[in-house]
Amino acid sequence: MQKQKRHRYVLSRQLDQFFFEVYAITKFTGQFFREVLLPPYEFREIVRQCYIVGYKSLALISLTSFITGIVFTKQSRPSLEEFGAASWLPSLVAIAIIRALAPLVTALIAAGKVGSNIGAELGSMKVTEQIDALEVSAVNPFRFLVVTRVLATTLMLPVLMLYMALIALMGAYLNIHANEQTSFPAFIQNAFQSITFLDIFSSVLKSAIYGFTIGIVACYKGFTTTRGTQGVGKAANTAVVAAMFLIFIEEMLVVQVINWFRN
Amino acid sequence: MKKRQVHINKDHVVISIRGLEKSFGKNQVLRGINLDIYQGENLVVLGRSGAGKSVLIKILAGLMRPDKGEAMVLGKNVAQLHYRELDQLRLKIGFSFQHSALYDSMTVQENLEFPLRRHAKHLSEDEIQAQVRESLKAVGLLHAMNQLPSEISGGQRKRIGIARTLILRPQIMLYDEPTAGLDPITSMEINGLINHVQRQYHTTSVIITHDLTCAKATGDRVAMLLDGQFVRVGSFEEVFTGADPRIKSFYDYNFIT
Ligand SMILES: Nc1ncnc2c1ncn2[C@@H]1O[C@H](COP(=O)(O)OP(=O)(O)O)[C@@H](O)[C@H]1O
Ligand SMILES: [Mg+2]
């Protein structure tokens, strides 16, 4: 009897799987861009999803951004004092928060809170046949579930990022006021001295990209959930991991691109 | 319990299945299935779990595509419809899912409103509310209106799921394991509801089950799905008086457990 060739992989099991996932997510993204333009537009559902995205992450973002603001200021002070440049502290903190910290921290928190939520929600809708139920009642599940959520995360992440930056700056101000007795107007003036429109614009853009990534990855993971309730947990989990991974890669690429524009 | 006779129009074929095949990889699930289903009848598809019963009705509702053969529903070849025509057809088909598939972020009321708001745009708010109340009354669950699906029992969810699919007055009902996981008394209520739907709305129904009591109580005809084919089609008695040992063991097993 001939020995059966059971599994044949092009590279290896994990690599094949990885490239298949990349291909499938790309296809999923393509479907998003096709469906997003077609009516019916689910305005009510988009608004509802925006509300959920904001509501889910607001408390955590408020807390972490405030702490980030204080801690970052505290830790930056000694090195600036070494150069006798403590008066630059507001400006340094503002640049760090607006250019880097706010978009990244917001995205990571949203990936954890919103991404896992979407992954689990759609995953459980998938395994309990609710997605099939939508389809047989002549509702396009992709448009109703995916398009609305991806638009919501894409629109809301920039909003959350700006909110996060504001709260972080508040934290920074409290710390600076306590140490250097800087007045609020002076702090604001100093902080925004070195912030350009490009800084804010690129952070808004970055946040939108991260939001889009979180939405797409989480919806994809939810939509492709298999193997019952166990799969739901896995969908939520891998949604977060994959979204965070992509966010860091995008961060690297976007910073490169923006730096070209700066010069 | 034997079901009462109803009028079935044998000249009017509503669903026609011809040479249907479906495989998943090496797993040949359906291997050439043929069947005509008549206007107004309750057709039961019996088979053990994993036989391909759900695959069959998913093909009928256009949720899966067959590899070969065709499923004609109300004169349309489901697999070849453009998505717009498919949606038109789907509005005439009600699908009751095995786990009810109620939208768990919505209350019972919102679940029932959902199809109306999407597809009966001519209705006023009052008419929608009236219809929701009427449907809930029909399944005896008016009091559960403001509850979430997670707060009601499995049998109640099943009835709500059936009410939700009935709300657009489908011509065809597809039931996936309507009594699976329910206690005998609740199962009997569901069987009664299935028969009531048939008499009240003159729907044609396909009932997928492995529960012989359900098959006997609801089926005008029974089709036995075994090894990917209908090995026997006829009344409940006809199907189970044969000498096929595979059918006999299915029968014995059902009444022992
Ligand atoms: N989407 C799918 N992908 C792969 N295999 C499937 C899929 N759906 C069903 N199957 C397989 O088809 C067979 C029949 O499944 P199903 O129709 O659900 O059985 P049942 O008669 O219990 O409803 C099973 O072996 C199942 O594993
Ligand atoms: Mg099944």
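Residues are numbered from 1 along each chain as its sequence is written, with chains lettered from A and ligands numbered from 1 in written order. As the model is predicted, local features need pLDDT of at least 70 and side-chain atom pairs count only at pLDDT 80 or more, while totals for chains, interfaces and linings use all residues.

I begin with the chain. Chain B has nine helices and 10 strands, these being DSSP runs numbered from the N terminus, H or I of at least four residues for helices and E of at least two for strands. Of its 257 residues, 40% count as buried, that is, with 20 or more other C-beta atoms, placed from the backbone, within 10 Å of their own. Along the principal axes, the C-alpha atoms fill a box of roughly 55 × 45 × 40 Å.

I turn to the ligand. The residues around ligand 1 include Phe24(B), Asn27(B), Gly47(B), Lys53(B), Ser54(B) and Val55(B).

Finally, helix 1 itself. Eight of its eight residues are buried, so helix 1 of chain B is largely enclosed by the rest of the structure. Among them are Lys53(B), Ser54(B) and Val55(B). Just after this helix, Gly62(B) takes a positive phi of about 75°.

Terms used: Near = placed C-beta within 6 Å. Buried ≥ 20, exposed ≤ 12 C-beta atoms within 10 Å, placed from the backbone.
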